[in-house]
Amino acid sequence: MANHKSAAKRARQEERRTARNSRTKGSVRTAEKKLRTAISKKDSAGAQKLLVSFMSKVDKAAKKGIYHARTAARKVSRLSSQVSALK
């Protein structure tokens, strides 16, 4: 428990930020799962659309600092190479 007023405020802010970050990470994971499913089903057109959506979500998360920039780039790179291999 926080001993100071400022520490209590920090704890409240951290709660809100943690919830926001976990929602964003969850949506990125969902998008990634849908994309991997489309790749495994060899659905080239569907995977292409899902890749654009996934890239947008990951890039926004990286911009907000939820993912490190290199982590986001690595995820996008690996999945986009798998999608382009479908063609």
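Helix α1 is followed by lysine 42, whose phi is positive, near 60 degrees. Helices here are DSSP runs of H or I with at least four residues, numbered from the N terminus. The model is predicted: local features need pLDDT of at least 70, side-chain atom pairs count only at pLDDT 80 or more, and totals for chains, interfaces and linings use all residues. Residues are numbered from 1 along each chain as its sequence is written, and side-chain values use heavy atoms, with hydrogens and water left out.

Helix α1 covers residues 5-40, 36 residues in total. Its first and last C-alpha atoms lie 52 Å apart, close to the 52 Å expected at 1.5 Å a residue (1.5 Å times one less than the number of residues). Buried residues of α1 include Thr24, Val28, Ala31, Leu35 and Ile39 (buried: under 20% relative accessible area, 1.4 Å probe, protein chains only). The buried residues of α1 pack against α2 (44-63) and α3 (69-86).

The axes of α2 and α3 come within 10 Å and cross at roughly 175 degrees. Axes are lines fitted to C-alpha atoms over the stretch in contact, and angles run from 0 to 180 degrees between N-to-C directions. Helix α2 is therefore roughly antiparallel to α3 (over 145 degrees). Among the residues making this contact are Leu51 and Phe54 of α2 and Leu79 and Val83 of α3 (contact: heavy atoms within 4.5 Å).

The largest nonpolar core has 16 residues. Such a core joins buried Ala, Val, Leu, Ile, Met, Phe, Trp, Tyr and Cys residues through side-chain atoms within 4.5 Å. Leu35 and Phe54 have the most contacts inside this core. Leucine 35 touches Ala47, Leu50, Leu51, Phe54, Leu79 and Val83, not counting residues up to four places away in sequence.

Definitions and conventions: Helix = DSSP H or I, 4+ residues; strand = E, 2+ residues; numbered from the N terminus. Buried < 20%, exposed > 50% of the residue type's maximum accessible area, 1.4 Å probe, protein only. Parallel < 35°, antiparallel > 145°, perpendicular 65-115°, else oblique.
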